[in-house]
Amino acid sequence: MIPSVNESGDRTVGLLHYLYGPGRAEEHIDPHLVASFDGMAPDPGRTADFATTIKDLAVLLDQPVQALPPHARPAKHVWHTSVRAAPGDRTLSDDEWADIAHRIVAATGIDPGDGERGCRWAAVRHADDHIHIVATLVCEDGSRPDDFRSGKRAQAECRLIEKELGLTLVNAGDGTAAKRPTSAEHHKAKRQGREQTAREELRETVRRAVAGASSEEEFFDRLTAAGLLVRKRAAPSGDLLGYTVALPDDRNADNEPVFFPGSVLAPDLSLPRIRERWSTEAQTDSITTPPRGPAQARRRAAAAAWQAVLIIDHGDDHQAAAHIAAAGEILDALAKTSAAHTRRQLREAARAFERATRSHVRAERGHDRALRQAARDLVYGGTALGRGEDGAATAMVIDMAFFLVIAAMHRHGRKNHAQQAAAAREAAEHLRAAYQAAAQHPMAVLRHRGRRLAQPLLHRQLVHLRQAVPELAEQILAEPGWHALAATLADAEALGYEPAALLTEAVARRELDSADSISDVLVWRLRRLANLPADASTMPDHSPAAPRATGRPKHPATGPSRQPTNLR
């Protein structure tokens with residue numbers, strides 16, 4: 001059950017006309033009263049004289065306000081909230097909605113009941129799944145109600161109502177979520193044939209523009225390049241204070257662009273909050289050597305994600321919050337530079353994870369520089385192809401991003417950040433689907449290589465597996481990805497690594513319980529740790545007579561600058 005307390009208004013009759021009217025898209029059905037402050041308020045939906053009755057209802061609600069001297073009347077005296085059932089909940093009766101209305105006005109201090117002073121109010125139902133409560137913010141004795149933090153109080157009461165009525169238990173909010181689009185924005189998007197509202201499209205575009213950006217100039221250049229209209233707000237001194245953005249084709253009734261401030265799109269998209277991402281980079285050069293294409297950018301991002309998982313798992317709250325926020329930039333950058341067959345799922349993952357990037361824990365910026373640099377590398381590495389090293393490296397980084405998001409989910413879960421944990425869980429499901437699309441071809445190549453290994457060489461990898469991870473060996477051997485893992489172990493062994501030690505390191509760094517395929521996860525961890533090409537088709541086949549290499553790996557590193565340790 002979702003309450004939404006709106007900003008106070010100044011025209012009771014105007015709001016009533018909207019609630020009893022057809023709605024902006026003819027969506028209001030059978031508007032009628034389900035409850036009121038005294039149980040005897042006139043119902044415009046159940047009378048033949050609608051015009052007179054709706055005026056009478058407005059006058060009745062406004063009487064305590066009008067009884068005050070003009071100078072004592074509040075400028076914004078109309079309180080309005082909607083209370084909506086969650087999708088999938090059963091249809092509630094009018095009596096149940098009436099009881100809910102009474103509980104909400106009591107919990108919010110609008111009409112506490114039990115003889116306490118209260119305001120006049122009415123609850124209108126014009127759809128199966130929600131009601132609207134209209135109240136005037138002057139009590140019968142002329143005093144003002146105690147409605148401080150009425151939104152949070154309504155949320156708390158809804159959690160109790162859900163349990164008592166057997167409804168969906170909605171995750172409690174903490175005030176850090178981005179503001180939802182209004183009904184008017186939804187209807188406008190539908191009329192215009194848009195998949196998203198202008199607010200949502202702008203939010204995603206701004207988030208992608210800030211991903212990995214290192215200066216205001218770069219950020220604003222990206223917004224302009226994305227096709228947005230941008231207005232900057234400056235102080236008399238010339239110092240930049242903020243910005244607003246608009247879609248060129250999103251116009252109001254006067255045919256003017258509808259601009260949204262960054263802070264309205266999301267709390268962390270205000271200019272001061274965005275500057276925090278750059279403040280720790282101003283003293284040092286945050287730009288490393290540009291990546292040589294999408295594949296190298298993805299390998300760098302995979303390495304950064306690997307390290308970030310450990311910090312989210314074991315770092316302090318403020319460091320972990322910074323890494324979780326920067327993980328959002330990684331997903332935004334991946335969504336921006338992904339090939340067609342993974343683009344939709346990656347965009348959905350980034351969209352879902354946006355809610356997980358904010359909580360009341362303040363991010364300690366600076367610790368997240370490696371992840372932010374990785375996001376920058378992804379943007380400037382360019383759009384990846386869906387095949388070859390690009391495609392395989394995409395599967396590698398999505399696999400690492402999945403565990404990064406899972407780490408964020410566990411962290412939020414431990415801190416009782418219910419909405420953020422749920423958002424991370426949703427993002428992980430989209431990443432899982434994106435991985436399946438990205439990994440299909442490169443894993444097929446690896447499995448084919450594994451099946452062609454000479455029996456002595458295949459047996460040797462089996463021995464290494466049972467030596468390194470005896471508790472997981474049988475499960476891995478039963479997976480379709482075992483032959484891909486065997487081929488990867490053989491590749492690493494040919495370059496001078498000790499496969500059992502490499503496997504031990506790969507398993508020890510992160511839990512595997514959330515993996516669909518342990519062998520798949522280990523393939524990408526091993527190929528990253530040993531600097532093996534993500535695309536195995538570029539490596540020579542192993543023959544029974546091939547001598548076993550010793551010493552340092554002879555292949556040049558194609559990924560991060562990390563020099564692999566000779567584990568032999």
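Trainee: Are Arg 199 and Glu 185 buried or exposed?

Mentor: Good place to start, and keep in mind that this is a predicted model. Arg 199 and Glu 185 form a salt bridge, with the closest N and O atoms 2.9 Å apart. Arg 199 belongs to helix α6 (residues 198-210) and Glu 185 to helix α5 (residues 183-191), so the label we need is the one for relative accessible area, where buried means under 20%. Both Arg 199 and Glu 185 are buried.

Trainee: How many salt bridges are there in the whole structure?

Mentor: A salt bridge here needs a side-chain nitrogen of Lys or Arg within 4 Å of a carboxyl oxygen of Asp or Glu. Searching the whole structure with that rule gives 38 salt bridges.

Trainee: Which residue forms a salt bridge with Arg 460, and how many residues apart are the parts tied together?

Mentor: The closest N and O atoms of the pair are 3.1 Å apart, and the partner of Arg 460 is Glu 493. Arg 460 lies in helix α16 (residues 455-468) and Glu 493 in helix α18 (residues 482-494), so the pair ties together parts of the chain that are 33 residues apart.

Trainee: Let's turn to the rings. What is the geometry of the aromatic pair of Phe 219 and Tyr 243?

Mentor: The structure holds six aromatic pairs. In the pair of Phe 219 and Tyr 243, the centres are 5.5 Å apart and the planes make 80 degrees. Planes over 60 degrees apart count as edge-to-face, so the pair is edge-to-face.

Trainee: Why does that pair tie together separate parts of the sequence?

Mentor: Phe 219 sits in helix α7 (residues 216-225), whereas Tyr 243 sits in strand β7 (residues 240-246). The pair therefore ties together parts that are 24 residues apart in sequence.

Trainee: Which residue in helix α9 also pairs with Phe 219?

Mentor: Phe 219 forms a tilted pair with Trp 278, at 6.3 Å centre to centre and 55 degrees between the planes. Phe 219 is buried at 0% relative accessibility, and Trp 278 is buried at 7%. Because Phe 219 lies in helix α7, the pair ties together parts 59 residues apart in sequence, and the residue in helix α9 is Trp 278.

Trainee: Which residue lies over the face of Phe 220?

Mentor: Phe 220 is in a cluster linked by ring pairs, together with Phe 219, Tyr 243 and Trp 278. At 4.5 Å from the ring centre of Phe 220 lies Lys 232.

Trainee: What is the relative accessibility of Leu 269?

Mentor: Leu 269 is in the loop between α8 (262-265) and α9 (271-279). Its contacts include Arg 203, Val 206, Tyr 243 and Ile 274. Leu 269 counts as buried, because its relative accessibility is 0%.

Conventions
Residues numbered from 1 in each chain as written. Predicted model: local features only at pLDDT ≥ 70, side-chain atom pairs only at ≥ 80, totals over all residues. Heavy atoms only, no water. Helix = DSSP H or I, 4+ residues; strand = E, 2+ residues; numbered from the N terminus. Buried < 20%, exposed > 50% of the residue type's maximum accessible area, 1.4 Å probe, protein only. Contact = heavy atoms within 4.5 Å. Phe/Tyr/Trp six-rings, centres within 6.5 Å; stacked < 30°, edge-to-face > 60°. Lys NZ or Arg CZ within 6 Å of the ring centre and 35° of its normal. Lists of a residue's contacts leave out its neighbours within four places in sequence.
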